[in-house]
Amino acid sequence: MKKYLVVGNPIEHSLSPKLQNYWLNSNNIEAIYGKLQAYDDDLRELCSNIKNGQLDGINITVPFKKKIIPHLDVLSGNALRTQSVNTVCLSNGNVTGYNTDIDGFELSIKKLDYDVSNKRVVILGAGGVVPSIIYALNKMNVQQIYLSNRTKEKAQILKNLFEGIEVIDWGVLPEFDMIINATSLGLRENDKFGIDFSISGNNKLFFDVIYNPFNTDFSEAGNKSQNILENGLNMFLFQAQKAFSIWHNVEPEINQDVIKFLKSNNQ
Ligand code: ATR
């Protein structure tokens with residue numbers, strides 16, 4: 001039986017096993033998908049398990065999307081450009097890293113029918129998923145990206161990887177059309193940004209990469225009548241759909257049934 005894993009730390013809350021196993025069943029594919037709480041030292045062995053066929057594929061999540069790279073033989077174009085990998089498998093005998101977060105973000109914006117071109121976008125955070133978001137925004141001809149991270153040096157590193165980014169101080173917002181929460185703030189109930197999001201007026205798109213139930217000052221601002229609020233569920237579904245296609249050569253369906261199942265308590 002083929003074996004797949006999502007690897008991260010923490011990993012408890014990942015919905016990837018639930019989603020991938022649902023699609024394996026509905027597509028009659030004999031395989032299992034589990035989760036592993038890993039540490040830096042585990043990455044080498046995981047990749048050699050892929051090389052020798054003990055494992056067939058892994059999804060990589062926080063905080064290993066960059067750390068996995070030295071253990072891979074080959075990177076896809078998107079993984080190379082972002083230095084970020086979320087999907088791994090053997091391809092032509094090489095342990096190969098792919099990035100499906102770019103497609104995940106782009107498809108979720110397209111589903112909203114939101115035209116990013118000529119928009120000013122603030123990104124909060126500089127963690128693992130941010131290079132993919134920047135890359136996708138540039139692909140969609142964004143006008144300006146402002147990057148704001150509590151630890152400013154991490155934003156500066158991303159500025160060196162991509163052209164045309166303006167790094168701004170944490171807590172200070174410029175005029176914007178869209179704002180993205182790519183931090184982990186909001187995962188815990190009492191997380192507070194301490195930022196006044198109303199400063200730029202109405203008609204803004206608030207995009208929260210977090211898709212678990214949340215109620216933060218970020219979502220409250222996005223919920224105001226003249227704003228749009230999108231959480232990360234569609235991005236999660238689309239990146240997973242691409243990973244599934246890479247592994248199994250089948251595009252699984254995203255529909256109301258799968259969304260209902262994900263939100264249910266069923267396993
Ligand atoms: P990693 O940084 O290891 O890639 P991540 O979950 O992808 O992990 O990113 C976490 C993001 O949330 C970072 O941008 C982090 O900011 P720092 O770089 O300063 O750590 C941000 N973050 C986490 N807790 C935060 C808080 N209390 N206030 C502001 N930003 C926070």
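Student: Why does aspartate 169 count as partly exposed?

Tutor: In this predicted model, aspartate 169 has a relative accessibility of 43%.

Student: What makes the contact of aspartate 169 with lysine 152 a salt bridge?

Tutor: The N to O distance between the two side chains is 2.6 Å. The criterion is a side-chain nitrogen of Lys or Arg within 4 Å of a carboxyl oxygen of Asp or Glu, so the pair is a salt bridge.

Student: Why is glutamate 106 called buried?

Tutor: Its relative accessible area is 8%. Buried means under 20%, so glutamate 106 is buried.

Student: How do you know that glutamate 106 forms a salt bridge with lysine 110?

Tutor: Their closest N and O atoms are 2.9 Å apart, and the limit is within 4 Å. Both residues lie in helix α4, 4 residues apart, about one turn of the helix.

Student: Why does the salt bridge between lysine 65 and aspartate 101 tie together separate parts of the sequence?

Tutor: The side chains meet at 2.8 Å, N to O. Lysine 65 is in the loop between β3 (57-60) and β4 (74-75), whereas aspartate 101 is in helix α4 (residues 101-111), so the parts joined are 36 residues apart in sequence. Both lysine 65 and aspartate 101 are buried.

Terms used:
Residues are numbered from 1 along each chain as its sequence is written. This is a predicted model: local features need pLDDT of at least 70, side-chain atom pairs count only at pLDDT 80 or more; totals for chains, interfaces and linings use all residues. Side-chain values use heavy atoms; hydrogens and water are left out. Helices (H or I, at least four residues) and strands (E, at least two) are DSSP runs, numbered from the N terminus. Buried means under 20% relative accessible area, exposed over 50%, partly exposed in between (1.4 Å probe, protein chains only).
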